[in-house]
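Thanks for coming. I have one structure to show today, and I will go through a few of its residues. Please have a look at it first.

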Amino acid sequence: ILAVVFSLFVIFLYLSLSAKAGLILSTNELEEKKGVLGFAKAFHQGQQFVWRLLGMSLLVSLALLITLIVVATPLITLYIVGKHSSGIIIAVILTGILFFILFFMLASYVGILMKLAERVIVLKNYGILKALQTTHHMARLNLGNTVLTWLMGIALSFLAGMVLFFGLFT
């Protein structure tokens, strides 16, 4: 049964990434007023980008996970070693909160970069690292718009969470 679930996961992931790349291609066609690409054609053209989109997601997720482990390991170690000292525990908790906020900001920034990099991979046919470098450069050049997009994403996520919370518990 585990093999069936895993197979279905891989199939749906492949279909999802193909459709995402096809949507990017189709949207680009409409933006450039070249005409409607159509679902089947867009899906078929999007299939060539599946492995790069998957590779980028895995690479970025792995990098964020390693960052989290590198930051959390010393804090956990210090907490375990100094659990009898309230000063160390307070310092570890405050440092942990600071690192959590910084990690959240980094993950949000990387999330924005990934959305832009998906478009760059599909539309410019770039590789993973070249797409991430290009979007990082674009984000630095347009820092104000990038921060505004990030703040809007946080606000919308918070608003959606509040709507769901009140919808479920009222």
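This is a predicted model: local features need pLDDT of at least 70, side-chain atom pairs count only at pLDDT 80 or more; totals for chains, interfaces and linings use all residues.

Local features need pLDDT of at least 70, side-chain atom pairs count only at pLDDT 80 or more, totals for chains, interfaces and linings use all residues, and side-chain values use heavy atoms, with hydrogens and water left out.

Take S18 to begin with. S18 is in helix α1, residues 2-31; helices here are DSSP runs of H or I, at least four residues, numbered from the N terminus. S18 has 0% relative accessibility, so it counts as buried. Buried means under 20% relative accessible area, exposed means over 50%, and partly exposed is in between, with a 1.4 Å probe and protein chains only. Neighbours within four places in sequence aside, S18 is in contact with F43, G46, Q47 and V50, where contact means heavy atoms within 4.5 Å.

Not counting residues up to four places away in sequence, T135 touches L113, L116, A117 and V120.

Now the rings. Rings of Phe, Tyr and Trp (its six-membered ring) pair if their centres lie within 6.5 Å; planes under 30 degrees apart are stacked, over 60 edge-to-face, and the rest tilted. How many aromatic pairs does this rule give? The count is three. One of them is F39 with F43, stacked at 5.9 Å centre to centre and 25° between the planes. Both residues lie in helix α2, residues 39-46, four residues apart, or about one turn of the helix. F165 and F166 form an edge-to-face pair, 5.4 Å centre to centre with 75° between the planes. F165 is partly exposed at 44%, and F166 is partly exposed at 43%.

Last, the surface. A nonpolar patch of about 1,100 Å² has eleven named members, among them I90, I97, F100 and M105. Patches are made of residues with over 30% relative accessible area and no salt bridge, joining like charges within 9 Å and nonpolar side chains (Val, Leu, Ile, Met, Phe, Trp, Tyr) within 5 Å. A salt bridge is a side-chain nitrogen of Lys or Arg within 4 Å of a carboxyl oxygen of Asp or Glu. Accessible areas come from the Shrake-Rupley method with a 1.4 Å probe, and for residues only the protein chains shown count as cover. I97 lies in helix α4, residues 86-124, and is partly exposed at 46%.

Note on methods:
Residues are numbered from 1 along each chain as its sequence is written. Helices (H or I, at least four residues) and strands (E, at least two) are DSSP runs, numbered from the N terminus.
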